Every structure is written in structure tokens, then in C-alpha cells.
Amino acid sequence: MSRWVLFAALLAGVSYGLAPPVALAVGAPPPLPDWAFVVWKGAGVTLLALWALLAAPGRDGRWLALLLAFGAMGDVLLETHGLVIGALAFLAGHGVAIALYARHRRADLSRADLVGGLIFVIAVAGFSFALAADRALAPGVALYSAGLGAMAAIAWLSRFPRALTAAGALMFVVSDLLVFARAGRPALDILPMGLAVWGLYFAGQTLIALGGVRRIANR
């Protein structure tokens with residue numbers, strides 16, 4: 001059953017990402033109400049969370065499912081309640097991820113590893129602050145991005161597979177940086193940019209789920 005849930009998650013996420021170019025190619029959007037698009041958007045990561053719950057046992061499996069569930073909540077709330085409320089859901093997910101990855105931190109971390117992680121967090125927050133077109137929102141963007149950067153840094157310093165979990169976290173970071181670059185800049189609100197944002201985000205969440213399940217199940 002869990003394999004079918006993973007397949008359904010990938011189908012939902014990939015099809016949602018491909019919907020805009022297909023609509024452009026045929027010259028008309030799919031005849032669906034707005035709420036259906038919101039459900040479609042949230043379905044991919046929701047099903048990833050369900051798959052993690054089925055495939056990864058114990059408390060860590062539930063934490064992995066929870067951080068993915070917050071991501072799915074953020075996907076939906078961005079559409080229904082706006083950027084700030086959606087970002088708070090994502091930030092809650094980053095907090096859960098930080099706690100989970102910290103429980104699995106590497107035993108051989110050096111001072112250079114920790115300093116490198118801190119520099120990465122500062123760089124992500126600072127770059128996000130600079131990218132924000134609305135300067136009134138820039139401090140909030142930097143605060144959110146500090147949590148985002150910490151999530152990715154601690155994923156790298158954890159025992160979760162770097163080729164999956166850490167790579168997925170870095171994709172999440174790049175996706176959000178593209179969101180900040182695009183917001184308030186109509187010239188960048190183009191189809192390839194939107195595809196890159198969703199593609200990096202959903203691929204990142206998928207790799208986070210795969211890496212988390214591998215680590216927790218093997219353990």
C-alpha cells in the first residue's frame with residue numbers, strides 16, 4: 001500500500017507542476033474550480049506525509065510525517081490565506097525538521113562543521129533580506145529564511161543521507177530564494193520561473209521524504 005501512496009504523491013506533484021505548460025500549449029486552462037487547484041496543489045506533499053507515516057516506524061517516522069504535513073499545509077494556506085500565513089506553516093515544518101535532524105546529528109562534527117553551518121544560515125537569511133522587493137517585509141523574510149537555512153544546515157550535519165535529505169533541503173532553499181526574487185517583480189513572473197519554483201520545491205520535499213524513510217527504517 002505504501003508504494004501506491006508514494007506513486008500517487010509523485011503523480012499529484014508532477015502533474016500539478018506540468019499543468020501550466022500543458023494549459024499554455026493547448027490554449028486553455030483545465031475546466032476546474034479554484035478549490036480543485038488548491039486541493040491538487042496540496043495533494044502531492046500530503047500524500048508524501050502519509051507515505052512517510054506508513055513507511056517509517058516509530059516516533060521519528062511520525063515527526064517526518066509531521067514536517068511534511070506542515071509543508072502541505074503551507075502549500076494550501078499560500079493560496080487561501082496569503083504569503084504570511086503560509087510561511088508560518090512552512091516555518092513550523094522547518095522547526096520540526098530541525099528537531100528531527102538534530103536527534104540524528106553526526107557524532108564526529110568538528111568546530112569547522114558547526115561554523116560552516118552557521119555561516120550558511122547567515123548567508124541564506126542575508127541573501128533573502130536583500131532579495132525582498134517589499135522592504136517592509138524584508139525583516140520577516142530574513143527571519144523565516146534563518147529557519148529555512150538552519151533546517152538545511154542541520155540536515156547536512158545529520159546522519160540522514162546527504163544525497164537525499166540534505167540535497168532536498170538545499171532544493172527547498174533555492175526554491176524559496178526564487179520565490180523571494182520573483183515576488184513584487186512582474187518581469188520575473190514568467191512560466192519558466194514558476195516551473196523552477198514548484199519543481200525544486202516538490203523534488204526537494206520528495207528527497208526529504210525518501211531520505212527520512214531510508215534513515216528511520218534502516219535504523
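Which residues lie nearest the centre of the largest pocket? They are Lys-41, Leu-78, Leu-83, Val-179 and Val-197. The model described here is predicted.

## The largest pocket

Sorted by class, the lining of the largest pocket holds 23 nonpolar residues, five polar ones and six charged ones.

Several helices take part in this lining. Helix 1 (2-26), helix 3 (58-80) and helix 4 (83-103) each give at least two residues to the lining of the largest pocket. Helix 6 (138-156), helix 7 (162-182) and helix 8 (191-218) also supply at least two residues each.

## The cavity

How many cavities of 30 Å³ or more are there? The count is one. About 80 Å³ of space lies in this largest cavity. Its lining has 13 residues, and those nearest its centre are Leu-67, Gly-93, His-94, Phe-172 and Gln-205.

Helix 3, helix 4 and helix 8 each provide at least two residues of the lining of the cavity. Helix 4 has the largest share, with six residues. By class, nine residues of the cavity lining are nonpolar and four are polar, while no charged residues occur in it.

## Helix 4

Helix 4 is made of 21 residues, and the distance from its first C-alpha to its last is 30 Å. This is close to the 30 Å expected at 1.5 Å a residue.

Which residues of helix 4 are buried? The list is Gly-86, Ala-89, Phe-90, Gly-93, His-94, Val-96, Ala-97, Leu-100 and Tyr-101. These residues lie on the same side of helix 4, because they cover an arc of only 165° around the axis. A general rule bears on this pattern: an α-helix has 3.6 residues a turn, so residues three or four places apart point the same way. On the other side of helix 4, Val-84 and Leu-88 are exposed. The buried residues of helix 4 are covered by elements including helix 3, helix 6, helix 7 and helix 8. Two of these buried residues, Gly-93 and His-94, are also among the residues nearest the centre of the largest cavity.

## Helix 7

Helix 7 has 21 residues, so at 1.5 Å a residue the helix should span 30 Å. The C-alpha atoms at its ends are 28 Å apart, which agrees with that value. After helix 7 comes Gly-184, which has a positive phi, near 80°.

The buried residues of helix 7 are Leu-164, Thr-165, Ala-166, Gly-168, Ala-169, Phe-172, Val-173, Ser-175, Asp-176, Leu-177, Phe-180 and Ala-181. What do the buried residues of helix 7 pack against? They pack against helix 4, helix 5, helix 6 and helix 8.

Leu-207 is placed in helix 8. Its relative accessible area is 17%, so Leu-207 is buried. Apart from residues up to four places away in sequence, Leu-207 touches Leu-164, Thr-165, Ala-167, Gly-168 and Met-171. Leu-207 and Leu-100 are 107 residues apart in sequence, and their C-alpha atoms are 16 Å apart in space.

Thr-206 is also in helix 8. At 10% relative accessibility, Thr-206 counts as buried because the cut-off is under 20%. With neighbours within four places in sequence left aside, Thr-206 is in contact with Leu-10 and Leu-48. Thr-206 and Ala-169 are 37 residues apart along the chain, with 10.0 Å between their C-alpha atoms.

Leu-131 lies in helix 5. Is Leu-131 buried or exposed? Leu-131 counts as buried, because its relative accessibility is 16%. Not counting residues up to four places away in sequence, Leu-131 touches Leu-177, Phe-180, Ala-181 and Arg-185. Leu-131 and Arg-214 are 83 residues apart in sequence and 35 Å apart in space, C-alpha to C-alpha.

Asp-134 is in the loop between helix 5 (111-131) and helix 6.

Notes: Residues numbered from 1 in each chain as written. Predicted model: local features only at pLDDT ≥ 70, side-chain atom pairs only at ≥ 80, totals over all residues. Heavy atoms only, no water. 1 Å grid on protein atoms, 1.4 Å probe; cavity = no way out; pocket = protein on both sides within 12 Å on 5 of 7 lines; lining within 4 Å. Helix = DSSP H or I, 4+ residues; strand = E, 2+ residues; numbered from the N terminus. Nonpolar A, V, L, I, M, F, W, Y, C, P; charged D, E, K, R; others polar. Expected span 1.5 Å × (residues − 1). Buried < 20%, exposed > 50% of the residue type's maximum accessible area, 1.4 Å probe, protein only. Arc of directions from axis to C-beta. Contact = heavy atoms within 4.5 Å. Points joined across faces, edges and corners; volume = space filled by probe spheres on them.
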